[in-house]
Amino acid sequence: MGKLIIAAIIDPVHTLVPFHDTTLQLLETASRMGHRTLVCETGGLSLQGPELKLCLTEVVIRQGTRTRPETSFWKVRGKPVTVRSSEVDVILMRKDPPVDQQYFQALWMLDYSRAPVINEPEGIRAASEKLFALNFADWMPPTLVTARRDDIDAFCREQGGRIVLKPLDGFAGRSVYIWDLKGENHGVIWEEITRRGTRPVMAQRFLPAVKKGDKRILLWNGIPLGAINRVASRGEARSNLAAGGKAEPARITPRERELIDALAPSLLEHGLFFVGLDVIGGYLTEINVTSPTGLVELEAFSGVSHSGKILAELADILG
């Protein structure tokens, strides 16, 4: 197995959360395996003609343990250096959403990389984390995308009087609302989430099974690594870990394996190798392709170093 030079495009390293962030887990495992780990933010990308360059800083991640965490979980080696993309073995695109203009600009620049990018920029652009799932509508709860208040009300009545509203560019459970025909403040919610009818949102049937949890299934190269269940805290409708949800071990059901088999060919065709599927009560709700999380919790529950497996496969292919 060859040793890799890994470049990761991330948010500022000090904003990452030890013992939760999948990016930290991947980078720490990589450095322990002897690979070089370098990072930059999207502002560190540049193009000179058609040649992509990256201003990278070498870091070593050491989180310690939950009971004895390191005071500082990252250490810098040397000064930032600008390199051609051909001088690294692989680029991990791990910047968190929102997928805004800055994000798209980074993806357009990454198109010029001479090193493989995971996930591929073209695939991330094609696979809106909310809308891409509509290609597999048979596996989803009833779903509507609209900015119109009347359409939302009509859809809510069709679905029994309770639905969930999500912004198309939302992440980590932010700005997710329960829309109940018997509820209040509909005008405020509609104005906020649709910006007074100018921004479409996703409406989905409310799934009572969410009380038992929102399952995150992690896929690598089209194959499931495993799953965790995220359960909302008391008084909270959202089960996202970033919104205070609690992670529990989970198994992949036969129906979910059929779902994975249905999705995997399309994901791989788009160059989407590391993916998180969100499933509630057997229904697909989202496909996460930008910076899927859950790896830390999955490894803790399973006792398996899935990050080590991912990196070993990359080293075998690229080393």
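This is a predicted model: local features need pLDDT of at least 70, side-chain atom pairs count only at pLDDT 80 or more; totals for chains, interfaces and linings use all residues.
**Entry: nonpolar cores.** I began with the largest nonpolar core, which holds 40 residues. I looked up which members touch the most other members, and got Ile91, Met93, Leu277, Leu284 and Ile287. I then listed the contacts of Met93, leaving out neighbours within four places in sequence. They are Ile9, Tyr103, Ala106, Leu107, Leu110, Val117, Ile118, Asn119, Ile124 and Thr290. Another core lies apart from the largest one and has 30 residues. Leu24, Val59, Ile61 and Ala247 are among them.

**Entry: Leu54.** I found Leu54 in strand β4, which covers residues 51-61. Is Leu54 buried or exposed? I count Leu54 as buried because its relative accessible area is 0%, under the 20% cut-off. I skipped residues up to four places away in sequence and noted that Leu54 touches Ala7, Cys40, Gly44, Leu45, Val81, Thr82, Val83, Ser85 and Ile91. I also checked Val83, which is 29 residues from Leu54 along the chain. Their C-alpha atoms are separated by 5.5 Å.

**Entry: helix α8.** I took residues 306-318, a helix of 13 residues. From first C-alpha to last, α8 reaches 18 Å, close to the 18 Å expected at 1.5 Å a residue. Which residues of α8 are buried? I list His306, Ser307, Gly308, Ile310, Leu311, Leu314 and Ala315.

**Entry: rings.** I record 3 aromatic pairs in the structure. I also looked for charges over rings. The charged end of Arg162 sits over the ring of Phe206, 4.3 Å from its centre. Arg255 lies over the face of Tyr283, 5.4 Å from the ring centre.

Conventions. Residues are numbered from 1 along each chain as its sequence is written. Side-chain values use heavy atoms; hydrogens and water are left out. A nonpolar core is a set of buried Ala, Val, Leu, Ile, Met, Phe, Trp, Tyr and Cys residues joined through side-chain atoms within 4.5 Å. Buried means under 20% relative accessible area, exposed over 50%, partly exposed in between (1.4 Å probe, protein chains only). Contact means heavy atoms within 4.5 Å. Helices (H or I, at least four residues) and strands (E, at least two) are DSSP runs, numbered from the N terminus. The expected span of a helix is 1.5 Å times one less than its number of residues. Rings of Phe, Tyr and Trp (its six-membered ring) pair if their centres lie within 6.5 Å; planes under 30 degrees apart count as stacked, over 60 as edge-to-face and the rest as tilted. A charge sits over a ring if NZ of Lys or CZ of Arg is within 6 Å of the ring centre and within 35 degrees of the ring normal.
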